[in-house]
Amino acid sequence: MAATPAPATLPAMTLARTPRFLRRGAWSLLTLLLVLVPSLGLTPWVQTVHGTGRAIAFKPSERPQYVASPIEGRVKKWHVVEGDRVRAGQLLVELVDNDPMILERLREQETLALQRLTLAEGRVADHESRLAFIKGEQEVLVAEAGFRIEQAEAQVLVARQELLRARFDLKREEQAFDRLSRLSTSKVGEVVSRDQVEEAERKRDLAGAQVPLVEARIKLAEKTLDGSKAQRAATEQRTSATIQTEEAAVKSARSEQASVRQQYNTIRTQVERQANQRVYATVDGTIFRVLANAEAGGQLVRPGERLAVLVPDIKGEGEGLTPDPHPGIVAELYIDGNDLPLVRVGDRVLLQFEGWAAVQFAAYPEAAVGTFEGRVYLVDPTADGQGSFRILVEPTPGAAWPDEAFLRQGVRSQGWVLLGQVRLGYEVWRLLNGFPPAREVKTKEPRQPLGPVQRK
């Protein structure tokens with residue numbers, strides 16, 4: 001049996017075959033990728049923490065502020081328009097109250113309140129003077145009663161001494177009478193006469209009669225002492241009650257005085273507000289927005305209502321009477337709470353401001369073009385309520401930021417806080433697993449003992 005001839009190659013398959021040089025190029029690229037991927041995994045890579053925010057003034061007093069209405073009324077006339085530069089003390093707007101006679105009526109109420117306040121102060125002074133007089137009178141009366149008590153105590157002491165003397169005299173006369181009586185009846189004969197005995201008896205009876213009199217005088221002196229003490233107690237009680245009554249009157253007068261003074265101060269404040277119907281600029285700056293207009297006779301406003309927005313001028317370091325160590329413009333960035341433990345004050349930051357073209361290579365800071373260098377000045381101690389934390393970035397000393405005339409407040413910005421350097425392979429693995437960047441944590445030094453106590 002004859003062999004079957006091989007089928008001829010189809011022309012279409014020949015034309016559809018991939019050219020040899022393309023196959024070789026594809027294999028070369030595949031080989032190159034297989035070689036480059038492990039090599040790229042060992043490439044150095046700078047880790048960063050990204051944040052977005054805006055440019056703001058460092059000082060709160062230099063941030064946009066509202067010009068508020070001090071009274072309830074309407075706008076009479078604006079003396080500035082949006083975009084005008086103003087100086088501190090320059091007139092911005094004139095206001096007028098809805099009631100053209102309110103200022104006169106308030107001044108009348110102020111006069112009446114001042115009169116009531118004067119009367120209240122007079123009553124307080126009168127009661128205080130009376131209270132001082134009563135206290136002084138109490139001291140005099142109590143001192144006088146004390147003097148009478150001392151006098152009565154002295155009388156009692158004198159009477160008691162007289163009683164001792166009278167008893168001593170009685171005892172002496174009794175002894176003399178007994179001696180003379182024995183001598184008159186002696187066995188040896190009459191030694192003394194009858195007259196001497198009778199005289200001794202008379203003196204004895206007279207001395208005996210003095211003792212009850214002195215005892216009665218002591219009782220009288222003691223009663224006088226008790227009466228003086230009772231009189232002093234009554235005087236103290238009476239004057240103390242009067243003093244308490246007058247102190248209550250003083251407190252009532254002072255309370256009335258405070259109430260009248262509060263009314264006077266309230267009316268005085270209203271007068272000052274109504275008299276201050278012209279609003280002036282508090283700082284140098286630029287009028288950003290006029291919120292209340294003067295169309296159709298003037299827009300009605302309420303006290304505290306915003307009339308305009310004033311953007312103060314930012315005074316850089318060294319301006320003014322004394323040097324200011326704080327920066328003028330800073331970048332306010334918000335970072336994720338997951339990255340907060342990695343950010344520290346003084347860390348280097350690369351910034352990109354809206355309106356300035358830049359080519360950013362966060363992993364290679366030296367290759368970045370058009371970015372501005374800064375450092376972390378402040379890290380807020382708490383979140384903003386949405387899990388983000390605010391950091392403030394100031395210019396690095398010697399780094400040039402855009403002039404404050406061009407880098408204005410509110411310009412959006414992005415920032416990259418530069419951390420440590422790792423391998424690209426580790427960075428890809430970290431991103432795939434959702435881990436935060438790595439950073440060395442410094443161990444805290446052991447705390448020193450307080451006071452003289454030493455640890456063993």
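Trainee: Which ring does the charged end of Arg289 sit over?
Mentor: The ring of Phe288, with 4.3 Å to its centre. A charge sits over a ring if NZ of Lys or CZ of Arg is within 6 Å of the ring centre and within 35 degrees of the ring normal.

Trainee: And what about Arg306?
Mentor: Its charged end sits over the ring of Tyr66, 3.7 Å from the centre.

Trainee: What sort of model is this?
Mentor: A predicted one, where local features need pLDDT of at least 70, side-chain atom pairs count only at pLDDT 80 or more, and totals for chains, interfaces and linings use all residues. Residues are numbered from 1 along each chain as its sequence is written, and side-chain values use heavy atoms, leaving out hydrogens and water.

Trainee: New topic. How many aromatic pairs are there in the whole structure?
Mentor: The search finds 3. Rings of Phe, Tyr and Trp (its six-membered ring) pair if their centres lie within 6.5 Å; planes under 30 degrees apart count as stacked, over 60 as edge-to-face and the rest as tilted.
Mentor: Take Phe58 and Tyr377: the ring centres are 5.0 Å apart and the planes at 90°, so this pair is edge-to-face.

Trainee: Where do Phe58 and Tyr377 lie?
Mentor: Phe58 is in the loop between β1 (44-57) and β2 (65-68), and Tyr377 is in strand β12, so the pair ties together parts 319 residues apart in sequence. Strands are DSSP runs of E, at least two residues, numbered from the N terminus.

Trainee: Is Phe58 buried or exposed?
Mentor: Buried, at 14% relative accessible area. Tyr377 is partly exposed, at 29%. The cut-offs: buried is under 20% relative accessible area, exposed over 50%, partly exposed in between (1.4 Å probe, protein chains only).

Trainee: What is the geometry of Phe353 and Phe372?
Mentor: Their ring centres are 5.5 Å apart and their planes at 45°, so the pair is tilted. It links distant parts of the chain: Phe353 in strand β11 (residues 348-353) and Phe372 in strand β12, 19 residues apart.

Trainee: Which residues make up the cluster?
Mentor: Phe353, Phe372 and Trp401, linked by ring pairs. Phe353 is buried at 1%, and Phe372 is buried at 12%.

Trainee: What else is Phe372 in contact with?
Mentor: Beyond four places in sequence, its contacts (heavy atoms within 4.5 Å) include Val349, Leu350, Trp356 and Pro402.

Note on methods: Helix = DSSP H or I, 4+ residues; strand = E, 2+ residues; numbered from the N terminus.
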